[in-house]
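Thanks for coming. I have one structure to go through today, and I will keep to its geometry.

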Amino acid sequence: MSLFDLKTLLSENTYPGRGIVIGKSADGKCALIAYFIMGRSENSRNRIFERFENGMRTKAFDESKLSDPHLIIYNPYLTTKGGNIDIITNGDQTNTIFDFINNGKTFEDALYTREFEDDAPNFTPRISGALYYDFENTDFSYKLSILKSSNGRPEACNRYFYNYVPENGIGHFIHTYKCDGNPIPSFYGEPEEVTMPNTAEELADLVWNNLNEDNKVSLFVRAIPLDGDEPTEIIINKNK
């Protein structure tokens, strides 16, 4: 698979929807996570990201304009007790994965109990990621998954899982939609292999400045030093 330029992938796509990027910094010192949301409707655009103790939530920016919390209000990010596993997803499957892992089960076990979103005719895929840290050995591994309808047919859910050994300066990008449309075509193929910068600040600038200005809503970036130092986090909300 060829290595893609994340800037190009984002700037040339007006509506990738929600997206996850996970990888290793170019200098090999950090694990990097980015998660963004976009929106076409007023309800989808009326959101912000808000951090809480062990995670991050979506929240209505203007509660008076919230018409339907279903599928748009959830915890995109949670970290397990002890901080050894980070979970990042585009829906309430974050909590499913968190609960399963805390009960000794796996990322895959959790997602076999879930399927794509019930938002016909789009049947938006559920995308999920998990990072497993080994701070004693300054290392980590990560997984991505996508749960999709069968070519737009809701009768079947196809589940895809990807496991990665980190490489310096390389990450993987998965998003809900291939591009804009009506209905919106789901992402297809393997997660896109992309070049990664060194810092949270660089990744945040790269993603936020290349998302479509009309459709972007919020961005969460987290850089986790593999030597066990404190992570750096950035939240950018278009609504202020």
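I will take the sheet, then the cores, then the salt bridges, and end with some backbone details.

First, the conventions. This is a predicted model, in which local features need pLDDT of at least 70 and side-chain atom pairs count only at pLDDT 80 or more, while totals for chains, interfaces and linings use all residues. Residues are numbered from 1 along each chain as its sequence is written, and side-chain values use heavy atoms, with hydrogens and water left out.

Now the sheet. Helices (H or I, at least four residues) and strands (E, at least two) are DSSP runs, numbered from the N terminus. Two strands count as paired if DSSP finds at least two bridges between them. On that basis, seven strands make an open, antiparallel sheet, and their order is β3-β4-β5-β6-β7-β8-β9. At the edges are β3, residues 47–52, and β9, residues 153–164, each of which pairs on one side only. From one strand to the next, the twist averages 20 degrees. For angles, axes are lines fitted to C-alpha atoms, for helices over the stretch in contact, and the values run from 0 to 180 degrees between N-to-C directions.

Inside the sheet, look at β6, residues 85–89, and β7, residues 126–134: five bridges join them in the antiparallel sense. Ile85 stands opposite Tyr132 of β7. Helix α3, residues 93–102, packs on the sheet and touches β5 (77–79), β6 and β7. The direction of α3 makes about 155 degrees with that of β6. Contact here means heavy atoms within 4.5 Å.

Next, the cores. A nonpolar core is a set of buried Ala, Val, Leu, Ile, Met, Phe, Trp, Tyr and Cys residues joined through side-chain atoms within 4.5 Å. Buried is under 20% relative accessible area, exposed is over 50%, and partly exposed is in between, with a 1.4 Å probe and protein chains only.

Which residues have the most contacts inside the largest core? They are Ile20, Ile88 and Leu131, in a core of 26 residues. Two or more residues come from each of β1 (19–24), β2 (30–38), β7, β8 (139–150), β9 and β12 (216–225). If we set aside neighbours within four places in sequence, Leu131 has contacts that include Ile22, Ala31 and Ile33, as well as Ile85 and Phe140.

On to charged pairs. A salt bridge is a side-chain nitrogen of Lys or Arg within 4 Å of a carboxyl oxygen of Asp or Glu. By this rule there are twelve. One of them joins Asp180 to Arg40, with the closest N and O atoms 2.6 Å apart. Asp180 sits in the loop between β10 (170–175) and β11 (192–195) and Arg40 in the loop between β2 and α2 (42–45), so the pair ties together parts 140 residues apart in sequence. Asp180 is partly exposed at 32% relative accessibility, and Arg40 is partly exposed with 32%.

Arg57 and Glu50 form a salt bridge at 2.8 Å, N to O. Arg57 is partly exposed at 29%, and Glu50 is partly exposed at 26%.

A further bridge, at 3.5 Å from N to O, joins Arg126 and Asp92. Arg126 is in β7 and Asp92 in the loop between β6 and α3, 34 residues apart. Buried or partly exposed: what is Arg126? At 6% relative accessibility, Arg126 counts as buried, whereas Asp92, at 40%, is partly exposed. There is also a network of salt bridges linking Arg51, Asp86, Arg222 and Glu233.

Last, the backbone. Where are the cis peptide bonds I want to point out? One joins Ala120 and Pro121, with omega about 5 degrees, and Pro121 is in the loop between α4 (107–111) and β7. Another joins Asn182 and Pro183, with omega about -5 degrees, and Pro183 lies in the loop between β10 and β11.

Phe123 is not a glycine, yet its phi is positive, about 45 degrees. Phe123 is also in the loop between α4 and β7, and at 12% relative accessibility it is buried. Thr138 has a positive phi too, near 45 degrees. Thr138 lies in the loop between β7 and β8 and is partly exposed at 44%.

That is the end of my tour.
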